[in-house]
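Q: I would like a close look at one part of the model below, and then an account of how that part sits in the rest of the chain.

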Amino acid sequence: MREQVVCKKSDIEPGEMKKSTFGKQDVLICRTPDGEFYAFMNQCIHQGAPLDRGMICGATTEESEPGGYEYCHKGEIIRCPWHGREFDIKNEGRMLANPDKKIPSFKVRVEDEDVIVYK
């Protein structure tokens with residue numbers, strides 16, 4: 001099993017994300033509002049944009065109307081900076097518009113202050 005410390009817990013506040021590396025691979029470390037950590041390949045599966053330049057946000061609900069958006073899953077959605085593709089952090093990085101597609105992910109565990117990515 002390959003593993004590596006990618007950052008400290010204190011490096012990422014809940015609802016934020018950070019670019020790191022796992023071996024030679026650029027990875028995106030996300031911390032959801034509940035404090036859980038997730039790791040994904042730092043590249044959009046659509047056209048390869050670096051996802052760390054996007055944002056963590058929420059998803060609009062079906063109750064949204066023009067000019068009045070209702071949000072859910074706040075702090076659990078990665079939005080690509082180039083074309084706005086959105087990926088659900090807590091659902092294996094699946095694309096909201098097409099759940100059959102997802103960002104490759106990595107396993108994560110936290111030991112003391114270290115955030116560790118492993119395969």
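Leaving aside its neighbours within four places in sequence, which residues is Cys30 in contact with?

A: The model is predicted, so local features need pLDDT of at least 70 and side-chain atom pairs count only at pLDDT 80 or more, while totals for chains, interfaces and linings use all residues. Residues are numbered from 1 along each chain as its sequence is written, and side-chain values use heavy atoms, without hydrogens and water.

With neighbours within four places in sequence set aside, Cys30 is in contact with Glu16, Met17, Glu36, Phe37, Tyr38, Phe40, Ile56, Ile78 and Ile89. Contact here means heavy atoms within 4.5 Å. Cys30 also belongs to the largest nonpolar core, which has 26 residues. Such a core is a set of buried Ala, Val, Leu, Ile, Met, Phe, Trp, Tyr and Cys residues joined through side-chain atoms within 4.5 Å. Buried means under 20% relative accessible area, exposed over 50% and partly exposed in between, with a 1.4 Å probe and protein chains only. Ile29, Cys30, Leu51 and Ile78 have the most contacts inside the core. At least two core residues come from each of β1 (3–8), β2 (16–22), β3 (25–31), β4 (37–41) and β10 (114–118).

Those strands belong to a chain with zero helices and 10 strands. Helices (H or I, at least four residues) and strands (E, at least two) are DSSP runs, numbered from the N terminus.

Of the contributing strands, β10 is mostly covered, with four of its five residues buried. Five bridges join β10 to β1, and the two run antiparallel; two strands are said to pair if DSSP finds at least two bridges between them. Within this pair, Val5 has Ile116 as its bridge partner in β10. The hairpin of β9 and β10 has two residues between the strands, and Asp112 takes a positive phi near 55° in it.

Ser105 lies in β9 (residues 105–111). Ser105 counts as partly exposed because its relative accessibility is 44%. Leaving aside neighbours within four places in sequence, Ser105 is in contact with Ala39 and Phe40, and Phe40 is also among the contacts of Cys30. Ser105 and Val27 are 78 residues apart in sequence and 8.8 Å apart in space, C-alpha to C-alpha.

An open sheet has the order β5-β6-β7-β8, with antiparallel pairing. Its edge strands are β5 (55–60) and β8 (94–95), each of which pairs on one side only. Strand β6 (residues 71–79) is joined to β7 (residues 86–88) by three bridges, and these strands run antiparallel. Arg79 stands opposite Glu86 in β7.

For the chain as a whole, buried residues make up 35% of the 119 residues. Of the contacts between residues at least 6 apart in sequence, 44% join residues at least 24 apart. The chain has a radius of gyration of 14 Å, which agrees with a compact globule, because one of 119 residues would be near 14 Å. That radius is taken over C-alpha atoms, and the globule rule is 2.2 Å times the number of residues to the power 0.38.

UniProt, in an unreviewed entry, lists residues 4–117 for "domain: Rieske". UniProt positions are given in the numbering used here, feature names are shortened, and annotations may be inferred rather than shown by experiment. The end C-alpha atoms of residues 4–117 lie 6 Å apart, and the span is 0% helix and 48% strand.
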